[in-house]
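I opened the model to look up a few things and wrote them down in the order in which I came to them. The entries below keep to that order.

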Amino acid sequence: MQQANLEGIFEEFLNKESVFLNKDSLSIRYTPENIPHRDVQISGVAKVLASCLRLERPSNLFIYGKTGTGKTLVVQKVCHQLEATALKKEVPLKIIYVNCKMRRVADTEYRLVAQLAREVGHEVPATGLPTDEVYKTFFNSIDDKKQIIIIVLDEIDWLVKKSGDEVLYNLTRVNQELKNAQVCIVGISNDVTFMEDVDPRVKSSLGEEELVFPPYDALQIKDILAERSKIAFVEGAVDEVVISKCAAYAARDHGDARRALDLLRVASELADRDGVGNIAEEHVDLAEDKIERDNIFEIVKHLPTQSQIVLYAGLVLDDTDKQPFFTGDLFNIYNELCDRIGLKILTQRRISDLIGELDMLGLFTAKVISKGRYGRTREVRMGINGGTVGKVKELLESQLGF
DNA sequence: CGAGATTCATGTGAAGTATACCTTTAGGCTTAA
DNA sequence: AAGCCTAAAGGTATACTTCACATGAATCTCGTA
């Protein structure tokens, strides 16, 4: 009986007409042929980096703009082209791309440099070595021949927020130590104000050239979506109205094209699953919830256990009544929870830091306030909205074993 | 009544500790001449 | 004697703890109008 059912599902799936031609083109990893409305930025980046084709070190470049304004995409695009040209002209050029936000990959000085070393083919242990040693490993392996290295540090603001700007200082100085190779650094930041509280030496050196990516407006996002959907969907699967809606939603908060693409992709997946031949407006609404949920799930799932418990404690408090709550309240609940599942209780000092981290991830919204006579504390609210809370709670319960 | 002192709960920085892992080194064992 | 293996010694990064001091506005205190 069940077997037959399964078979039925598969059969149906195969017979069903899919809305997709090439679903990949909606994914964030996809690099499209041309990037609409970013000509200025593309040529800006290209002009700066082009000098490496003459074996001259390009100026360091610092790029900032909000999420989903195409920073990463543009840089990657230019880099690909550059690599291709360099290959043709036999210019020794290497481009290293590192995303600093990756947990446990590049979020400390040591780990970043270790990652760089790995990118040039030197396995480096996760701990144990002096940081200088790792620097040396990296330098030596790039300095063995004349070449230009372009290091792209994406989400560089994270790295600095977590472990200070010393890394950047060291990296911007590397050229003095290298005999053959030359290094150019491209920093990409979502935080527009990030440069303000950075060592002025780093600032002047990293910001030799600066480029701002303004947010897209609704019309531009529409263009982008239209372009991609030509590749992604079969004829007539997606309606003008749907695209407008996605664009409008995304433009509503700071012109985030990535969000628009996500909306369209998820909406179309939902439509596909429903087995209807085209995407309807309500699919977009459903998609909006789902994306928010999925993003949060992804973050929560990979949180260290202790942070998960702190988050769960927040959810418990959120459930009762108080919304904002304070560090002390949270710590009490946290204690009970740890007791319940027999986990080691960390100090309040540490929890305070963990709350800070959850705040950075957007799961909490925490603000240090003074309650006058009644002390100073963090005022914490949940950064997760209504419908998702329950699901996150379920997820945590199953992961933590409540 | 208002200026200044007090107070509370916790933020925050610095230094210390435990753990896991790394390299170096010295000693011991094996092996081959 | 040379080569190889092993275990101890000495070192590091990271996550966490301990200690001590900093914060900042509501509240208290006390001098003054």
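**Entry 1: helix 14**

I began with helix 14, where the buried residues are Gln 306, Ser 307, Gln 308, Ile 309, Val 310, Leu 311, Tyr 312, Ala 313, Gly 314, Leu 315, Leu 317 and Asp 318. I count a residue as buried under 20% relative accessible area, as exposed over 50% and as partly exposed in between, with a 1.4 Å probe and protein chains only. Helix 14 is thus mostly covered, with 12 of its 16 residues buried. From first C-alpha to last, helix 14 reaches 23 Å, close to the 22 Å expected at 1.5 Å a residue, the expected span being 1.5 Å times one less than the number of residues. Helices (H or I, at least four residues) and strands (E, at least two) are DSSP runs, numbered from the N terminus.

I note for the record that this is a predicted model, in which local features need pLDDT of at least 70 and side-chain atom pairs count only at pLDDT 80 or more, while totals for chains, interfaces and linings use all residues. Residues are numbered from 1 along each chain as its sequence is written, chains are lettered from A and ligands numbered from 1 in the order in which they are written, and side-chain values use heavy atoms, with hydrogens and water left out.

I then looked up Lys 393, which lies in helix 17 (residues 386–400). Is Lys 393 buried or exposed? Lys 393 is buried, because its relative accessible area is 15%. Leaving aside neighbours within four places in sequence, I find Lys 393 in contact (heavy atoms within 4.5 Å) with Tyr 312, Leu 315 and Asp 319.

Lys 203, in helix 9 (residues 200–206), counts as partly exposed because its relative accessibility is 36%. Not counting residues up to four places away in sequence, Lys 203 touches Met 195, Glu 196 and Val 198. I also checked Lys 203 against Ile 28, 175 residues apart along the chain, and their C-alpha atoms are separated by 30 Å.

**Entry 2: helix 15**

Helix 15 has 15 residues and spans 21 Å from its first C-alpha to its last, close to the expected 21 Å. Its buried residues are Thr 327, Asp 329, Leu 330, Phe 331, Ile 333, Tyr 334, Leu 337 and Cys 338, and what covers them includes helix 14 (305–320), strand 6 (325–326), helix 16, strand 7 (364–370) and strand 8. After helix 15 comes Gly 342, with a positive phi near 65°.

**Entry 3: DNA strand C**

Around DNA strand C I find 21 residues, of which Thr 108, Thr 131, Thr 347, Arg 350 and Arg 376 come nearest. Sugar and phosphate make up 77% of the atoms of DNA strand C that come within 4 Å of the protein. Phosphate oxygens of DNA strand C lie 2.6 Å from a side-chain N or O atom of Thr 108, 2.8 Å from one of Thr 347 and 2.5 Å from one of Arg 350. Helix 4 (109–119) and helix 16 are the elements that give two or more residues to this surface.

Conventions:
A residue is near a molecule or strand if one of its heavy atoms lies within 4 Å of it. A polar contact is a pair of N or O atoms within 3.5 Å; within protein, one must be able to donate a hydrogen and the other to accept it, and residues adjacent in sequence count only if both atoms are side-chain atoms.
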